[in-house]
Amino acid sequence: MWVYIARRLLALPLVLLGVSVLVFLALHLAPGDPAQIMLGEVAPREQLERLRQELGLDQPLVVQYVRWLGRLVQLDLGRSIRSNRPVVEEIGARIPATAQLAATAVAVAVAIGVTAGVVSARRANTWVDQVVTIVAMAGVAMPVFWQALMLILLFSVYLGWLPPSGRLGGWQYLVLPAVTLGTSAAAAITRMTRSTMLEVLGLDFIRTARAKGVSEARVFFHHALRNALVPVVTIVGLEFGSLMAGAVITETVFAWPGVGRLVVDAIRSRDLPVVQGCVLFFAASYALINLVVDVTYALLDPRIRYG
Amino acid sequence: MRHRYPGRGLAWVVALALGLALTLGSGALAQGPELVVAQGADAVSLDPHRTNDQPSSRVMRQIYDTLLVQGEDLQLYPGLATEWRQLSPTRWEFKIRQGVRFHNGDVLTAHDVKFTFDRLRDPATAAPGAFILSPVANVEVVDDYTIVIETSYPFAPLLNHLAHTTTSILSRNAVTRAGDAYGTRVVVGTGPFRFEEWVTGSHIVLSRNPDYWGGEVKPGRVVFRAIPEGTVRAIELETGAVDLAYNIEPQDELRLADVPGIDLVRVETLSTTYIGFNARKPPFNDARVRQAINHAINVDAIIEHIYTGQASRAAGPISQMVWGAHPELRPYEYNPERARQLLAEAGYPNGFKTTIWTNDNPLRMQIAEVVQSDLRKVGIDVEVNVMEWGAYLRETAQGNHDMFILGWVTVTADADYGLYSLFHSSTFGDPGNRTFWSHPRVDELLDLGRTTADPQVRLRAYREAQEIIVREAPWVFLLFLTEVTGVRSNVTGFVPHPAGHHRLQQVVKR
């Protein structure tokens, strides 16, 4: 097990190296000149040339990449073209907001999704199941933007319980964005929990357990749920990974200072160092979360062994 | 392990995630903020030589002072310069205000002024606003409180340029010592507010400068919050978490108008929106075609339906508030019949096919759709092409377009700024003239207006230039934007500035 984890961790730099090449190429082949965007609509030509030189944009791509990689291994991601802040600082300042929102949203999603999925499976094909299915479908179908505004209208404008936006300290600011994100992720978890529960309940070992006289509750929660959770963990891991890459729409509506808004602003202004840094961060967090998911499989299902 | 109840494991995951979430919570704002201002984006940098964008300028206006101050009435007043005189057509002398201290305690001298202007002009700084001082050849310190600015040619609008936020006076000491940290961690000015804290993407906190030279500063603290979504900005104002909300959007303005306790303050800005033609390409190299399109587009409908009144009709390229604007221009009349006639005269009785480009600005995209349907009525078949901002700027600078929609802000409120970069033949492409239209007489007049000190001569030159520009129509002259600010009614003393950099030291919150 530990050997496996160590091996996966060692492979991480290779994954990141691959990502770095792709990111670098994709950004440098896209249209738009960072120097021009920095200087705005009014800029004398000599000034543009000088800025390009300063940023190294006049060098061949390979040279630019190797230079960048050399600094990267020293954890120097350069400075933002826009703000002149170190990229590490720029991203680092946003990670707590993103991690906080992602973790809470996942907690909300798991709490709602697994509960609803289990209830739905327990009462399969009854009206309870139907209602849960409809609500879950609505959750998937509802545009995040619209849901966010509706929540703000209800809880901030009419009830006045929660602040409409921002992250100015205090858990109150976290509730609406986390619920917005969590409910849309919960829908997928509900459906997955329900279907795998039903599948597992139809297997032979469940019949055996029942035949042995094991209580129905124990069969349900101990034997079935545990087995049904493996694919659910996969989905939760994927959701968490993508939430760490920032939920742009939610962050924008709630003025949440997360990584998602940072990377979108950076892309729009061709702030290459920041975009590169963000994508590397996304890749690294995705890879780490995947590792945690794989390890969790082993804990949930003793048949899965990593050597 | 094998007999553990899996639900408990799950509960742990949830509890852990929540615990993680709460420990990551940011510290609460130390004291109750006095005046909370919401704008659509965070500042980029608070180093005026690093950026030239509106959200940053709005914050910098509170922290820094300029040599001259452009008032809300667009007149020039003494700022850090108490008096000035022109020694010769190219030499200006400025007396620097004595006894002014920077927020770090240093005393302001002429050396700081020279340092600031040299840094702004230095190509190594690569300041986006460097063009503001491009006519300046040399800055000379005469004594601790006197400087002489020399321009490489007579440059009449110099005083207006010295009131632009990009020319804010920096502390030589603070900037040199801070190095790369200047503008984000270290920000030092002489203005009414000191820089306290910046949580990127969220808010910037400023506090009152008790030693401000310009009189009492009313708010104890100002918090600039970045709230990108217009509707949410309006809701924050409505729920009272925000005292001032900038750029209230048309759909929110209608709703807020009915909300008690909120006042909407409107100001006509120096920002124009226009449709440019590529005058190098047929059929737009024919003035009759350009005039025809001016007649064919129903601009009043655009203002009424797309901007819901948050704009006023443009008769020419610069707003009436700009010094040098022609007071008697008449807008092109909406007259599709006349448009068809002009097209026929130009040899296009059956119209033609063309494209209009815009960036992904929702209002501009709607303008493009109106243009498409209006021009169809006179036989011109227009394809709308929406582009990403960076690509849009590059392609229009290279002249690959037919028609495009863009804006310009005449921040200095002097006609030179609003005409030279847009209509002079030396500014094709990147510098601003993306229509590639030029006219020998207009070139002459714009050069004359820039280099003559005599205001009467300048006025006449700009008038004639505007007459030619409107007649030759390298643009469809659309509109000047009106900016709407939402103000809680317990807040008084807010006077909007047409350039958008509203000053806040006189704002009182009861």
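A crossing is left-handed if the near helix is turned anticlockwise from the far one by less than a right angle, and right-handed if clockwise. I wrote that down before opening the model, which is a predicted one: local features need pLDDT of at least 70, side-chain atom pairs count only at pLDDT 80 or more, and totals for chains, interfaces and linings use all residues. Residues are numbered from 1 along each chain as its sequence is written, while chains are lettered from A and ligands numbered from 1 in the order in which they are written.

**Entry 1: chain A overall**

I looked up the make-up of chain A and found 14 helices and zero strands. Helices (H or I, at least four residues) and strands (E, at least two) are DSSP runs, numbered from the N terminus. The C-alpha atoms of chain A fill a box of roughly 85 × 55 × 30 Å along the principal axes. Of its 307 residues, 43% are buried, meaning that 20 or more other C-beta atoms lie within 10 Å of a residue's own; 12 or fewer is exposed, in between is partly exposed, and C-beta atoms are placed from the backbone.

**Entry 2: two helix pairs in chain A**

I then checked α1(A) (residues 2-29) against α14(A) (residues 272-300): they pack at about 150°, with axes 9 Å apart. Axes are lines fitted to C-alpha atoms, for helices over the stretch in contact, and angles run from 0 to 180 degrees between N-to-C directions. The two helices are therefore roughly antiparallel (over 145 degrees; under 35 is roughly parallel, 65 to 115 roughly perpendicular and the rest oblique). α1(A) passes α14(A) in a right-handed crossing. Among the contact residues are Ile5(A), Arg8(A) and Phe24(A) of α1(A), and Gln276(A) and Leu291(A) of α14(A); a contact needs C-beta atoms, placed from the backbone, within 7 Å. By class I noted 17 nonpolar, two polar and one charged. Ala, Val, Leu, Ile, Met, Phe, Trp, Tyr, Cys and Pro count as nonpolar, Asp, Glu, Lys and Arg as charged, and the others, Gly among them, as polar.

For α6(A) (residues 95-122) and α9(A) (residues 172-201), the axes come within 6 Å and cross at roughly 35°. This crossing is right-handed too, and its contact has 21 nonpolar, nine polar and one charged residues.

A reminder to myself: most residues other than glycine have a negative phi, and most peptide bonds are trans. Leu75(A), not a glycine, has a positive phi of about 60° and sits in the loop between α4(A) and α5(A). With 8 C-beta neighbours inside 10 Å, Leu75(A) counts as exposed. Ala255(A) has a positive phi of about 50°, but counts as buried with 28 such neighbours.

**Entry 4**

Four strands of chain B form an open antiparallel sheet in the order β4-β5-β7-β6; two strands pair if DSSP finds at least two bridges between them. β4(B) and β6(B) stand at the edges with a single partner strand each, so one side of each is left without a neighbour in the sheet. Neighbouring strands are turned by 20° against each other on average, direction ignored. Six bridges join β4(B) to β5(B), and Gln86(B) stands opposite Trp92(B). Helix α3(B) (residues 110-121) packs on the sheet, touching β5(B), β6(B) and β7(B).

Conventions
Two residues are in contact if their C-beta atoms, placed from the backbone, lie within 7 Å.
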